[in-house]
Every structure is written in C-alpha cells, then in structure tokens.
Amino acid sequence: MTQPSTSEIICAACSTPGTGRFCSNCGASLEPAICAGCKNSITPGARFCQNCGRPTGSVSAPTTESIPAPPRSASASLPWIVAAIALVVLLAFLAGNGFNSRRGSTLDAPQNALPQAGLDDRGAGSPPEGAVRGPDISQLSPQERADRLFNRVMLLASQGKPDSVLFFAPMAISAYQMLSPMNADQRYDLGRIAEVAGALPLARAQADTILVENPKHLLGLILASRIAALDKRAADQKAFDARLVSAYQAESARKLPEYDRHGDDIQNALTEARRSPAAGQ
C-alpha cells in the first residue's frame, strides 16, 4: 500500500491522499477549519475539535470576504433620515414659492380675470381707488363681450404677456364663434386673436374667407400678409402687400365701418407694404 507523503493530506471524506485545497477524488475541502469555540485549527473533515471537543462539521476556515459585516444600528441612521426628509420638504416649499412668483410676473389673468368670462367685473368688494368699475358682463351683448375680449387680448399681446394672451384667447375665440354668421370685421378680429395666440390655421382661415367674399378687402389682405410672414412665405406676403397697395384707394373710398375701426392697422400695414419691392410692380 502506498504511504502518503508528508505534503499530502488524507481526505476525511473518502480517505484519498491529496494536495491542494480540494480532494481530487471527491472534491471535499483539504484546508484546515477553525473551531468556533477555541479558534484552534481542526483537522480537515473532523467532526469535533481535538482541543475543546466542540462539534465542528466540515466547514473550512472562513475568509475575510465571507465574514458578514455587523448590522448597522437603526438608531444610528435615524438622524440622517430625518435630516434628509426635512431638506426635501424645505426645497419643495421654496420651489413652490418661486413658481408662484414667476407666474405672477407674466400671467395677467389672476389680477384681471373677472367672473363669467374673465372681463371687467372684478367680483365682490370695492374697486381700487381711482379704478372705474365696469358693467356686469352678464348684461353685455354677445358683440360687446367679443369686443372687450378682443381689446383685452390685443392689449396683453402688446404688453408682452404671452401667458395672459393664452389665458384669454380661448374665451375670446369662443365669444366670436358665437356670433355666427360672422362678417368681415368680426372675422378680422378673430383672425388677429388667433394670430397672437399662435393658432395660425384658424387665423389663415379667417383671411381666406374674407378674401373669398371680397378679394380686395383691406383687412383680409392685411391679415393674409401677416400670416404669410409668420409662415415664412415671403413670396405670398409680397403678393398680398402688392394687392393691398393696389386696392387701397378704391376700397378706402367705400368708408366701411371696419375700415374706420381698424384705421391704424390699415395705415401701418399700408406703410409697410409700400416698402416692399413687389408693391410697385
């Protein structure tokens, strides 16, 4: 019988001599284990510690990777959790205040929106000193409501308040659509509201309808030119400008009420149109 060399270890599981960390016959560990009681080395495969007699099993010596870290006390983490929650609440509060202040700087509606349609009547309570209280909007005619909303939207657009324009524009558009069938003056107003609100297809539809009924209508040509400019259709814009210049004398002589009402728009558009190279063609 072959005797094992001094460097060989007898496998406790199958009694096969071997070297290295594991038995070549059965795969059992050949490394000495550590007694959990007295911390002495134990012969591989031994069931009891030869020093203190404590049952051992066949577990090999643990490595530093296998030793679990001690559990962290929940009480030690609690202060950090509370501090994190408090920080989140504080940031949310500051963000909310910042949002409200920014909205108030551009949105005119909370201060100027009024009951029933967002116009004129500021609700219960005395008006500010020096302010003129408007009529109850419920007493206005559909045309008067539309006119007041048109004036409000145009004023806000001129003041550079896009949030407020978008707040009032849907009310204004709805007010004009209730006037059906609309005339050219009303369609021009609706088209201008849609223009400043960014609803270009709606604005273009109003210009097209005006010009179908009267191809030389000054307001229809002005609105069509403005929409072409926003659509970056330079050729169409020049063509509408040229038609405006050509039609101005005859059309202005008709003294239509809408020409008088929108006289400033007509004069400004005519001045710009005459600067266009296509106007003299």
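Reply: A pocket is an open set of grid points where a 1.4 Å probe fits, with protein on both sides within 12 Å along at least five of seven lines, and its lining residues have an atom within 4 Å of a point. Please note that this is a predicted model.

Me: Which residues lie nearest the centre of the largest pocket?

Reply: In general, rolling a probe the size of a water molecule over the atoms shows where empty space is left. Here the largest pocket holds about 310 Å³ of space. Its lining consists of 16 residues, and those nearest the centre are Ser 225, Arg 226, Asn 268, Ala 269 and Glu 272.

Me: Which elements give two or more residues to that lining?

Reply: They are helix H6 (184-197), helix H8 (218-230), helix H9 (234-252) and helix H11 (263-274). H11 provides the largest share, five residues.

Me: How is a pair of aromatic rings described?

Reply: Such a pair is described by the distance of the centres and the angle of the planes. The count for this model is one aromatic pair. It is formed by Phe 167 and Phe 168, with 5.1 Å from centre to centre and 80° between the planes. The pair is edge-to-face, because planes over 60 degrees apart are classed in that way.

Me: Are the two partners buried or exposed?

Reply: Buried means under 20% relative accessible area, and partly exposed lies between that value and 50%. Phe 168, at 0%, therefore counts as buried, whereas Phe 167, at 37%, is partly exposed.

Me: What sits over the ring of Phe 168?

Reply: The charged end of Arg 152 does, 5.3 Å from the centre of that ring.

Me: Where is Asn 214 placed, and what does this residue touch?

Reply: Asn 214 is located in the loop between helix H7 (200-213) and H8. Its relative accessible area is 18%, so Asn 214 is buried. Leaving aside residues up to four places away in sequence, Asn 214 touches Glu 251 and Arg 254.

Me: How many helices and strands does the protein chain have, and how much of the chain is buried?

Reply: The protein chain has 11 helices and four strands. Of its 281 residues, 31% count as buried. The accessible surface of the chain comes to about 17400 Å², and carbon and sulfur atoms account for 57% of that area. Among contacts with a separation of 6 or more, 45% join residues 24 or more positions apart.

Conventions:
Residues are numbered from 1 along each chain as its sequence is written. This is a predicted model: local features need pLDDT of at least 70, side-chain atom pairs count only at pLDDT 80 or more; totals for chains, interfaces and linings use all residues. Side-chain values use heavy atoms; hydrogens and water are left out. Buried means under 20% relative accessible area, exposed over 50%, partly exposed in between (1.4 Å probe, protein chains only). Contact means heavy atoms within 4.5 Å. Accessible areas come from the Shrake-Rupley method with a 1.4 Å probe; for residues, only the protein chains shown count as cover. Rings of Phe, Tyr and Trp (its six-membered ring) pair if their centres lie within 6.5 Å; planes under 30 degrees apart count as stacked, over 60 as edge-to-face and the rest as tilted. A charge sits over a ring if NZ of Lys or CZ of Arg is within 6 Å of the ring centre and within 35 degrees of the ring normal. On a 1 Å grid over the protein atoms alone, a cavity is a set of points where a 1.4 Å probe fits but cannot get out, and a pocket is an open set with protein on both sides within 12 Å along at least five of seven lines; lining residues have an atom within 4 Å of a point. Grid points are joined across faces, edges and corners, and a volume is the space filled by probe spheres set on the points.
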